[in-house]
Amino acid sequence: MRAVILDGIVLGLGFGLLGVGMTLVYGLGGVLNLAYGQIVVLAAIVISLVMEDGRATIVAALVGVLAAAGLAVLLDLTLMRPVYRQHGEERTLLGLLLTLGAAFVIGGLLTWRYPSGALYIYIGGEPVSVVGVPMAVGSIWASVIAVAVGAALLVFFGVTTFGRGVRSVIQDEVGSRLVGINPSFVRTVVFALSGALAGVVAITYSMSGPLTVNAGFELTTFALIVTVVGGLGSVGGAFLAGILLGVVNSLSAHYIGQYISTIILLGAAALTILIRPRGLFGR
C-alpha cells in the first residue's frame with residue numbers, strides 16, 4: 001500500500017505541473033490550451049534527439065525546455081491573437097477549436113516524422129528507502145524537480161513584481177491596463193512559462209518511465225482533469241489536486257485496472273463540477 005501511494009505522489013506531482021501549465025493560460029486569457037500535451041511530447045522528442053546526438057542530458061533537457069517555450073510563444077503570437085479579440089463564450093469556443101487543431105497538426109507531424117519516438121532518462125543508482133519503501137533514484141529526482149519548480153512558481157507569483165502583475169491581469173484585465181500593465185505582453189510571457197513547464201513535465205515523466213510520441217492527448221486529458229478539480233487559475237490548487245488524483249490513479253490502477261482508473265479520474269472531475277463548479281481551490 002505504501003509503495004502504491006508513493007508512486008501516486010510521484011505521478012501526482014507530474015499531474016500538478018501539467019495542471020499549472022494549463023491553468024495559467026486559462027486564468028489570463030480564458031482559453032484552455034488543448035495542444036498542451038503535444039507541447040510536452042515535442043519537448044520529449046527534442047530532448048531525445050539531442051541526447052542521441054551525444055550531448056549531455058542536462059544540455060538536452062535545457063534545449064527541450066526552450067523548444068517547448070518557443071512553440072508556446074509561437075502559438076500565442078499566431079493562433080491566439082484572433083482569439084483574444086473575442087470575448088466571453090466566443091473567445092472560449094474559438095480558443096478550443098484552434099488549439100485542438102494545433103494539437104492534431106503537431107501530434108500528426110511528430111507521429112509521421114518520429115513514429116517510434118520516445119524519451120526515457122535513466123538515472124542509475126541503488127534504490128533509496130523512503131518510509132521503508134525502496135524507490136528508484138529517477139522517481140526521487142522527478143519529485144525533487146517538481147517540488148522545486150512548484151515552490152519557485154509560488155514565490156514568483158507571490159513575491160515578485162512581475163508575478164503580482166500577472167495576478168492583477170488574471171483578476172482584472174481592464175484594471176491592470178489602467179495601472180500601466182500590458183496584458184498582451186504578460187500573456188506572451190506566461191505562454192512561454194507554460195511551455196517551459198511542459199518541457200519540465202517531459203523531463204520528470206521520462207525519469208520514471210518512457211514518454212512516447214503518442215502520449216499527447218492523454219497528457220492533455222490529465223491536465224484538464226487536474227485543472228478542473230484544482231480550480232481554474234489556482235497554482236496551489238493544481239498541485240494539490242494533482243497529488244490527490246495521482247494517488248487515486250495509482251490505487252485504482254493497482255487494485256482495479258489502468259483503464260478503469262482513467263474513468264475514475266473523469267468521474268472525479270465531473271463530481272467536482274457538480275458540487276463545486278469553480279474547483280476545490282478556485283475563487
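Helices are DSSP runs of at least four residues, numbered from the N terminus. Gly165 lies in one such run, helix 7, which spans residues 161–171. The model discussed here is a predicted one.

**Helix packing**

- Two packed helices are described by the angle between their axes and the distance between the axes.
- Helix 1 (residues 2–29) and helix 6 (residues 137–159) have axes that come within 9 Å and cross at roughly 35°.
- The crossing in which helix 1 passes helix 6 is left-handed.
- On the side of helix 1, the contact involves Val10, Leu13, Leu17, Val20 and Leu24. Helix 6 contributes Ser139, Ser143, Ala146, Val147, Val149, Leu153 and Phe157.
- Helix 3 (residues 57–77) packs with helix 9 (residues 183–208) at an angle of about 145°, and their axes are 7 Å apart.
- Helix 3 and helix 9 form a right-handed crossing.
- The residues of helix 3 that meet helix 9 are Ala61, Val65, Ala68, Ala69, Ala72, Val73, Asp76 and Leu77. Their partners in helix 9 are Arg187, Thr188, Phe191, Ala192, Gly195, Ala196, Gly199, Val200 and Ile203.

**Salt bridges**

- Side chains of opposite charge can pair when their charged atoms come close.
- How many salt bridges does a search of the whole structure find? The search finds 2.
- Asp53 and Arg55 are both exposed.
- Another salt bridge links Asp76 to Arg81, and the closest N and O atoms are 3.3 Å apart.
- Is Asp76 buried or exposed? Asp76 has a relative accessible area of 0%, and buried means under 20%, so Asp76 is buried.
- Arg81 has a relative accessibility of 24% and therefore counts as partly exposed.

**A nonpolar surface patch**

- Which residues make the nonpolar surface patch of about 390 Å²? The patch is made by Tyr255, Ile256, Ile260 and Ile263.
- Ile263 belongs to helix 12, which covers residues 258–275.
- Ile263 counts as partly exposed because its relative accessibility is 43%.

**Individual residues**

- Ser48 is placed in helix 2 (residues 36–52). Its relative accessibility is 11%, so Ser48 counts as buried.
- When residues up to four places away in sequence are not counted, Ser48 touches Ala118 and Leu119.
- Gly165, in helix 7, has a relative accessibility of 11% and therefore counts as buried.
- Gly165 and Ala253 are 88 residues apart in sequence, and their C-alpha atoms are 41 Å apart in space.
- Val130 is found in strand 2, made up of residues 128–130. Val130 is partly exposed because its relative accessible area is 27%.
- Which residues does Val130 touch, not counting residues up to four places away in sequence? Val130 touches Leu6, Met135 and Ile140.
- Val130 and Ala56 are 74 residues apart along the chain, and a distance of 29 Å separates their C-alpha atoms.

How values were computed. Residues are numbered from 1 along each chain as its sequence is written. This is a predicted model: local features need pLDDT of at least 70, side-chain atom pairs count only at pLDDT 80 or more; totals for chains, interfaces and linings use all residues. Side-chain values use heavy atoms; hydrogens and water are left out. Patches are made of residues with over 30% relative accessible area and no salt bridge: like charges are joined within 9 Å, nonpolar side chains (Val, Leu, Ile, Met, Phe, Trp, Tyr) within 5 Å. Accessible areas come from the Shrake-Rupley method with a 1.4 Å probe; for residues, only the protein chains shown count as cover. A salt bridge is a side-chain nitrogen of Lys or Arg within 4 Å of a carboxyl oxygen of Asp or Glu. Helices (H or I, at least four residues) and strands (E, at least two) are DSSP runs, numbered from the N terminus. Buried means under 20% relative accessible area, exposed over 50%, partly exposed in between (1.4 Å probe, protein chains only). Axes are lines fitted to C-alpha atoms, for helices over the stretch in contact, and angles run from 0 to 180 degrees between N-to-C directions. A crossing is left-handed if the near helix is turned anticlockwise from the far one by less than a right angle, and right-handed if clockwise. Contact means heavy atoms within 4.5 Å.
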